[in-house]
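Subject: Structure for you to look at

Hello,

Here is the structure I said I would pass on. Please open it and keep it in view while you read the notes below.

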Amino acid sequence: MPQASAERGESPTRVLVTGAGGYLASFVVRELLADSRLAGASFVLTDLTDVGAPHDPRVRFAAGDLADEEFAAGLLDPASDIVIHLAGVLGGAAEADYDLARRVNVDATLRLFEWLRRPGRPARVVYASSIAVFGPPLSDPCVDDSPAHPGTPPAHHRRVHVRGRPGRGARRGGALA
Ligand SMILES: NC(=O)c1ccc[n+]([C@@H]2O[C@H](COP(=O)([O-])OP(=O)(O)OC[C@H]3O[C@@H](n4cnc5c(N)ncnc54)[C@H](O)[C@@H]3O)[C@@H](O)[C@H]2O)c1
């Protein structure tokens, strides 16, 4: 996390969480809001529908489709300092509608990352990949450098972003495979 921006004389830290209505986000958002380093931050939470944002004056909920270019661009205006990208079409939903899953998991995600590469206020990006990029079958042990064998559409989509190294793609300044 960046040092509190107010301490550096900058405008408050802005945090964007996509997929904010999802399972992982429910934990992540709770932790973020409780983090004293982000006491002065503002938060934009976004998901397809308004799932009821936490009652916190720092939070704004923006409901919309991340695959909608205009909507997604609006989420980054003003620019965010921290982006936690958890939106995705997963599991059976992705198997049932490959085109939708590709639009959200690949196209919208790549567009978001490309926008975040723009010069200006650089953002710290957290992208949750999936162990599913490694199998089945999973190697034993299963480590960052294990060969990737994505077997499902969502796993293939995550492989596109991180080239088989969950968590690293977004750290390489936008070097997406
Ligand atoms: N749950 C886990 O244990 C786990 C483990 C490792 C990685 N991950 C990864 O973390 C991410 C989130 O997982 P989760 O379990 O919270 O999933 P989830 O399905 O609970 O949440 C995903 C959210 O994305 C939203 N979403 C889908 N399409 C959208 C669109 N077009 N526009 C905006 N929002 C959209 C959904 O409404 C949903 O709320 C995924 O990338 C997943 O692969 C999850």
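Thr18 stands opposite His85 in S4. This is a predicted model, so please treat the notes as a reading of a prediction. Strand S1 (residues 14-18) and strand S4 (residues 82-85) run parallel and are joined by four bridges.

These two strands belong to an open sheet of five, in the order S3-S2-S1-S4-S5, with parallel pairing. At the edges stand strand S3 (59-63) and strand S5 (124-127); each has a single partner strand, so one side of each is left without a neighbour in the sheet. From one strand to the next, the twist averages 15°. As background, strands of a sheet pair through backbone hydrogen bonds, either parallel or antiparallel.

Next, helix H1. H1 lies across S1, S2 (42-47) and S4, and runs at about 165° to S1. Which residues of H1 are buried? They are Ala25, Val29 and Leu32. Seen down the axis of H1, the buried residues fall within an arc of 65°, so they line one face of the helix. Their cover includes S1 and S2. The face turned away from the buried side carries Tyr23, Phe27, Arg30, Glu31 and Ala34, which are exposed.

Last, the ligand. It is surrounded by 19 residues, and the closest are Gly19, Gly22, Leu24, Leu66 and Ala128. By type, the shell divides into twelve nonpolar, five polar and two charged residues. Helix H1 (residues 23-34) gives the most to this shell, with three residues.

Regards

Technical notes. Residues numbered from 1 in each chain as written. Predicted model: local features only at pLDDT ≥ 70, side-chain atom pairs only at ≥ 80, totals over all residues. Near = placed C-beta within 6 Å. Nonpolar A, V, L, I, M, F, W, Y, C, P; charged D, E, K, R; others polar. Pairing = 2+ DSSP bridges. Axes fitted to C-alpha atoms, helices over the stretch in contact; angles between N-to-C directions. Contact = placed C-beta atoms within 7 Å. Buried ≥ 20, exposed ≤ 12 C-beta atoms within 10 Å, placed from the backbone. Arc of directions from axis to C-beta.
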